Amino acid sequence: MDINTFRGLATVFALIGFISICIWAYSKKRKKDFDDAANLPFADDKQSSDGESL
């Protein structure tokens, strides 16, 4: 086995990892978690009702 075989295997593993991350990120099971995380910057606005801003 030469270096090009290892490079080819590394490319295949990287592609499999990329596809796995894409499937994980766009799965319907994760949608609620990502929506909650997307709304985190607005959580402080709802909690601070004294009208004071930083």
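Student: Which residue does Lys31 form a salt bridge with?
Tutor: Lys31 pairs with Asp35. The closest N and O atoms are 3.3 Å apart. Keep in mind that this is a predicted model.

Student: Where do Lys31 and Asp35 lie?
Tutor: Both are in helix α2, which covers residues 31-38. They are 4 residues apart, about one turn of the helix.

Student: How far apart are Lys32 and Asp36 in helix α2?
Tutor: They are 4 residues apart, so about one helical turn separates them.

Student: Which of those side chains are exposed or partly exposed?
Tutor: Lys32 is exposed, with a relative accessible area of 59%. Asp36 is partly exposed, at 40%.

Student: What does Asp33 form a salt bridge with?
Tutor: With Arg30. The closest N and O atoms are 3.3 Å apart. Asp33 is partly exposed, with a relative accessible area of 40%. Arg30 is partly exposed as well, at 25% relative accessibility.

Student: Which ring does the charged end of Arg30 sit over?
Tutor: The ring of Phe34. The charged end of Arg30 is 5.3 Å from the centre of that ring. Arg30 also has its salt bridge with Asp33.

Student: OK, rings then. How many aromatic pairs are there?
Tutor: The count is 1 aromatic pair. Trp24 and Phe34 form this pair, and it is edge-to-face. The centres are 5.6 Å apart, with 80° between the planes.

Student: Why edge-to-face?
Tutor: Planes over 60 degrees apart count as edge-to-face, and these are at 80°, so the pair gets that label.

Student: Which parts of the chain does the pair link?
Tutor: Distant parts of the chain. Trp24 is in helix α1 and Phe34 is in helix α2, 10 residues apart.

Student: How accessible are Trp24 and Phe34?
Tutor: Trp24 counts as partly exposed, at 44% relative accessibility. Phe34 counts as partly exposed too, at 33%.

Student: New topic. How many helices and strands does the protein chain have?
Tutor: There are 3 helices and 0 strands. Along the sequence, the pattern reads α-α-α.

Student: What percentage of the residues count as buried?
Tutor: Of the 54 residues in the protein chain, 0% count as buried. The protein chain exposes about 5300 Å². Carbon and sulfur atoms supply 64% of that area.

Student: Which residues make the nonpolar surface patch?
Tutor: Met1, Ile3, Phe6, Leu9, Val12, Phe13 and Ile16. The patch is about 770 Å².

Student: Where is Phe13 found?
Tutor: In helix α1. Phe13 counts as exposed, because its relative accessibility is 58%.

Student: Last one. What is the mean pLDDT of the protein chain?
Tutor: The mean is 86. Of the residues, 81% reach 70 or more.

Student: Which element has the lowest mean pLDDT, and which the highest?
Tutor: Helix α3, residues 43-47, has the lowest, at 66. Helix α1, residues 3-25, has the highest, at 96.

Notes:
Residues numbered from 1 in each chain as written. Heavy atoms only, no water. Salt bridge = Lys/Arg side-chain N within 4 Å of Asp/Glu carboxyl O. Buried < 20%, exposed > 50% of the residue type's maximum accessible area, 1.4 Å probe, protein only. Helix = DSSP H or I, 4+ residues; strand = E, 2+ residues; numbered from the N terminus. Areas by Shrake-Rupley, 256 points an atom, 1.4 Å probe, with all protein chains shown as cover. pLDDT = per-residue confidence, 0-100. Phe/Tyr/Trp six-rings, centres within 6.5 Å; stacked < 30°, edge-to-face > 60°. Lys NZ or Arg CZ within 6 Å of the ring centre and 35° of its normal. Patch = residues over 30% accessible without salt bridge, like charges linked within 9 Å, V, L, I, M, F, W, Y side chains within 5 Å.
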